[in-house]
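User: I would like to go through this model in a few questions and answers. Please begin with the terms.

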Amino acid sequence: LALTSLAGGGNDHAAQEEKARTALEAAGCTLQVADALEGRHSITDPDGVSDEWNTDPPTSGPHYAIAAIFGIYEEPLQIARVVHNLEHGGVFILYGPDVPESTVDELRAFYAENKTGTIMAPYEQLGDEFALGAWVVHDEGGNGYLAKCKQFDQDAADAFLGAFQFRGPERFDPSQLQPGL
């Protein structure tokens, strides 16, 4: 169903964004929409960060030249690599150390149903929240989208992926965004 809604292209972007915003707000989440930053491979250390990033975790901008391998991780990732995954149209699911294990289990189950183009890992700075992030280019320009939530909601997570996944500035075919690649 999500792929069908994406087939409409940029014309329905505003409607998809509004659907995601509505679902996220109903679930008690926040949605930050930031202007997309230029995607330069200017971070030369994979552990590096950028002063330019305008969301935390970052959803666009300077990043490391090699993306992280898509998959699910038990250890934090180098965030400068994860930004590169977003540039290719991927999304992240990141969670803080104080997120209840039951919520992390729900996120793992959601990841298992949405492995293509998705990367999941812990991210210390999120505390008791988890985040969904995407970098989107559309007719009106580009944005980084960052949803932060304390509780998992299937409809909100589905709406986020349906609106923002596979729309990065470098559009890779989803077959190239499989776990292990």
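Analyst: Helices (H or I, at least four residues) and strands (E, at least two) are DSSP runs, numbered from the N terminus. This is a predicted model, in which local features need pLDDT of at least 70 and side-chain atom pairs pLDDT 80 or more, while totals for chains, interfaces and linings use all residues. Residues are numbered from 1 along each chain as its sequence is written, and side-chain values use heavy atoms, without hydrogens and water.

User: Is Ala15 buried or exposed?

Analyst: Ala15 is part of helix α2, residues 13-26. Buried means under 20% relative accessible area, exposed over 50%, and partly exposed in between (1.4 Å probe, protein chains only). Ala15 has 54% relative accessibility, so it counts as exposed.

User: Which residue of β3 is the bridge partner of Ile93?

Analyst: Strands β2 (residues 91-95) and β3 pair in the parallel sense over five bridges; pairing requires at least two DSSP bridges between two strands. In β3, which spans residues 118-122, the partner of Ile93 is Met120.
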